[in-house]
Amino acid sequence: MNQSDRLSVLKTYKLYLGGAFPRSESGRVYEVTDSKNRWLANAPLASRKDARDAVVAARKAFGGWSGATAYNRGQILYRVAEMLEGRRDQFTAEVAAAEGLSKAKAAAVVEAAVDRWVWYAGWSDKVAQIAGSANPVAGPYFNLSSPEPTGVVAVLAPQDSSFLGLVSVLAPVIVTGNTAVVVAAEDAPLPALSLAEVLATSDLPGGVVNILSGRTAELATPLAAHQDVNAIDLTGAGAELATDLERAAADNLKRVRRPGPADWAADPGTDRLLAFLETKTVWHPMGV
Amino acid sequence: MPITVPAYGKEAAGRLASMADMTADDGALRRFLHGLPGVDAVGLQARAATLGTRSIKTTAKAYAIDLAISMIDLTTLEGADTPGKVRALCAKALLPDPTDRTAPRVAAVCVYPDMVATAKEALGGSGIQVASVATAFPAGRVALPVKLADTRDAVAAGADEIDMVIDRGAFLSGRYMAVFEEIKAVKEACVRAGGTSQSETGGGSAAHLKVIFETGELQTYDNVRRASWLAMLAGADFIKTSTGKVAVNATPPVTLLMLEAVRDFHESTGVQVGVKPAGGIRTTKDAVKYLVMVNETLGERWLTADWFRFGASSLLNDLLMQRQKLSTGRYSGPDYVTVD
Amino acid sequence: MAFAYAPAPESRAVVDLAPSYGLFIDGEFAEGAGGELRKTVSPATEEVLAEYTQATADDVDRAVRAARKAFGTWSALPGAERAKYLFRIARIIQERSRELAVLETLDNGKPIRESRDADLPLVAAHFFYYAGWADKLDHAGYGADPRPLGVAGQVIPWNFPLLMLAWKIAPALATGNTVVLKPAETTPLSALFFADICRQAGLPKGVVNILTGDGTTGAALVAHPDVNKIAFTGSTEVGKAIARTVAGTDKRVTLELGGKAANIVYDDAPLDQAVEGIVNGIFFNQGHVCCAGSRLLVQESVAEELLASLKRRMGTLRVGDPLDKNTDIGAVNSAEQLARITALADAGEAEGAERWAPACELPTTGYWFAPTLFTGVTQAHRIAREEIFGPVLSVLTFRTPAEAVEKANNTPYGLSAGIWTEKGSRMLWTASKLRAGIVWSNTFNKFDPASPFGGYKESGYGREGGRHGLAAYLAGAEGPTSERGARDGERDR
């Protein structure tokens, strides 16, 4: 038997919820195709109940993840980059298929994504030093402002960049101690679902990142309205959907990041890193 | 809350005896004093400052001025004191404002032990008390027998009140029991020959004991609270801030803290103890701030010369000038009050 | 005879009130388009102080156009020049602070002691602080040459009228924005006096515009298409409405909303200072404070002693004429607010909590509420969950630090919290666990222009004060406070 005749083993793509890889509770899947409309896989068509479960998992993970030392979070994120590096070929193939890129271009995108992940990993124990402050108040008080994670962040991953874009929106959310519910690019969810496999093997506690594939509008609507979600990144929503979601998000005053044009290849700066942080200011008297 | 008894009354001793567990030994006393709630310095100072913003005007001011005059321990504690100086001070105590006989008398005249007899003679049966500093005031750095002799000498000369200093060295080095025992011993020494240490009337057979902490040397507010409880447990009739002889004397926050300690001691034992800020209180405005603190911390029961005193000298003339201003509508001047 | 303090009223003569006021648009006072006048009353006496103009949507449009026109030149001014205007304003506020304090007390009902010793010094300090930033923005951490947003629409509440104005206007102007500000309908006067201060300072016309009116004016301002930035302090309910209104627009928003702060007293607290902090936490400004310490969480082992002290202390609070310099608690700001406080306090009683208030004689005219304490409160009671915004303290107990933190965080709000303990490590642990934007440890209700202020969760987003407060008014400066609505590429706009 000729080697080229070997029947390949296909992967069943699954959701990533609370550190586990379940199918959608709805039992639904949808066809994922490449840029030439060739079938790639059946991805789980996550439901609003899956979204709800993801929020529960993210909330459960928040205490531990936000309470971990920044050094520890940095180490874990760097570990993710190491794992990604080892799977470059896999992601290159998936990105090439998803985005219709040549192998070389896809490889460059994957390398950029790995490098971005490394870049963000290093921020874990530095962000407080650029975002915090010692405040010289007019009185005998020690007064310090420090950034803290906002909480559970719903992330609508960009539709136009299934992997580099995803990494660019996800890493800054979790490196500061938030936990995330990610809605993968609707038509190109496979790199995101594969990223879950990397996250699961990188010491990242279960629930810190939860990844859903499916219809962005269907999943984003309950997430935007969810009272236990603290913030939502609307990057992957179109203008009309984004407006509806922003309105729904007002019910519990979620922090909202609106969508806009983005160059995923450009230097990301600190905007996204600083977007999902709260500033806590602590006063204490100084006296004997 | 138990029924109130004066610190110098015989029932007070029984109340203190019920606290004997806390003063059984050095360890127990230390644990008790260190178990008192801490004092946040900034918060205490802020509270004192806020009370200092009370605006006391017209009738309230007139009331406060007369009250303050009646609470003064008119003091001279100089190496250069002479019988003549002390007699002049006593004359002023008896008739603070020769131009206005409605001005109240001060509460006491405070002198060194060797001037007690002179003061006693000058004040006669006026009811103005003679207070004497003792226990090697102001440093207190002599042996206990000398302190006790100093005290007995003043009492024998007729002192109605003894202002003792605590051994700050012992206190700061944590020898609380030594301080406690010393206060108890001095209290015993306040008993007049043939009397007992407790009397019902206050003017009787024992001099009242004021215990001076020299809060400027204790440095921390926590220490002031501990010293307050320690002295009250040892039988102090009054607790007093300062000798007036160091850089930092009475301050509003320290006095407020001592008022709070007195309040808490009264809450738990029913024993009423007096408070005397001393040193650095020179103006009517200052004095009124202290009265506001007493009013809003301890209330009316303490607003008498029996339970609150000012250790001061120049304060009296400022109060008198303000008093003249209130009655005449004109500002007075130093030539219209007497020097002593 | 008791030591009864004689009345010590601050003189009203320093305040010269006009019978009626127009709108301050483009550097001058103008009549409103609708011609409707409203009355503002002294809540202590119900006396009408003055009439003011109800601004209409047309007026909002006029003011926004004036601000837009002024924006070009104002934003182009060197920062050092903008700074000098702000320094001038700060100085004039200091010079006129007695007048402004009396005015604030008249219109708001707060004690003169507070308007004099807290509000006005903080107002001047805020302008001083941000004046100094105007020519140092390159160094603020928001990139080189950060740009202003444009026209800021600012809506402020009635609890600290002039201070909230300062919190809004000072950073906006320092960063080169122009503003249209709407004071609350029950406290419009100090903002109108501020307009006169702008005139005295020679501030270019249109840089600051003041529109008076009710909620409809505010809504029109928020909805105006040519406003780039909304800054709002007020109720969570209105905050949510604003968030809905701006959905899908480019408007940036900061919201400082309600709170239900826990004030945690551990058994090793400095008790006397804790009592003062509790009193200051809930009775400061009649409890009309979004960050008020309205939920007292006291460790069971010290609860009895603390409550006895607290009740004794509450007995010394002096309630009455806000202009009397010895008044601790003044008038409730409005009949409407009094009704809300009364309703919630009644609900507390109806739900089984035990109500206590010291004996205190309240004036017969005006709006008054005695300082009130509820014990036996649980997290399920309305008075433990809803913001009362009045002098009403709900007391709950806890047994362990973990329980204290759990109860403290068990609220949709997250503005402030208090911790009382003498143990440093416990304080820092607790502070790190509390989901609140301001944590006061062994103190409460302290404010400073250098100290960022703002909440977590439904207490709003964005920070006011400090370096962080600049972010709300700079393009691309998506601060560390999840300032809403920044877009990728905004820096290039």
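Colleague: Which residues of β15(C) lie on one side and which on the other, and are they buried or exposed?

Modeller: C:Val392, C:Ser394, C:Leu396 and C:Phe398 are on one side, with C:Leu393, C:Val395 and C:Thr397 on the other, and all are buried. Buried means that 20 or more other C-beta atoms lie within 10 Å of the residue's own; exposed means 12 or fewer, partly exposed is in between, and C-beta atoms are placed from the backbone. Strands (E, at least two residues) and helices (H or I, at least four) are DSSP runs numbered from the N terminus.

Colleague: Before I go on, what sort of model is this, and how is it numbered?

Modeller: This is a predicted model, where local features need pLDDT of at least 70 and side-chain atom pairs count only at pLDDT 80 or more, while totals for chains, interfaces and linings use all residues. Residues are numbered from 1 along each chain as its sequence is written, and chains are lettered from A and ligands numbered from 1 in the order in which they are written.

Colleague: Back to β15(C). Which way does β12 of chain C pair with it?

Modeller: Strand β12 (residues 295-299) of chain C pairs with β15(C) in the parallel sense, over five bridges. Pairing needs at least two bridges found by DSSP between the strands. C:Gln299 stands opposite C:Phe398.

Colleague: And how many bridges join β14 of chain C to β15(C)?

Modeller: Three, and β14 (residues 372-375) of chain C runs parallel to β15(C). There, C:Leu373 has C:Leu393 as its bridge partner.

Colleague: Where are the domains of chain C?

Modeller: Domain 1 covers 12-257 + 455-492 and domain 2 covers 262-441; the bounds come from an automatic or database domain assignment. Their centres, taken over C-alpha atoms, are 30 Å apart. The contact between them takes 23 residues from domain 1 of chain C and 28 residues from domain 2 of chain C. Two residues are in contact if their C-beta atoms, placed from the backbone, lie within 7 Å.

Colleague: Which element gives the most to the domain 1 side?

Modeller: α4(C), with three residues.

Colleague: New topic: chain A against chain C. How many residues does the contact take from each?

Modeller: The contact takes 41 residues from chain A and 43 residues from chain C. On the chain A side, the largest share, nine residues, comes from β10(A). That side divides into 21 nonpolar, 11 polar and nine charged residues. Nonpolar covers Ala, Val, Leu, Ile, Met, Phe, Trp, Tyr, Cys and Pro; charged covers Asp, Glu, Lys and Arg; the others, Gly among them, are polar.

Colleague: What does β10(A) join in chain C?

Modeller: Three bridges join β10(A) to strand β17 (residues 438-441) of chain C, and the two run parallel. A:Trp283 has C:Trp440 as its bridge partner.

Colleague: What about chain A as a whole, how many helices and strands?

Modeller: Chain A has 10 helices and 10 strands. Its radius of gyration is 20 Å, close to the 19 Å that the globule rule gives for 288 residues, so chain A is as compact as a globular protein of that length. That radius is taken over C-alpha atoms, and the rule is 2.2 Å times the number of residues to the power 0.38. Of the 288 residues, 55% count as buried.

Colleague: Last one: how many residues of α6(A) are buried?

Modeller: 12 of its 12 residues are buried, including A:Pro172. Just after α6(A), A:Gly177 takes a positive phi of about 110°.
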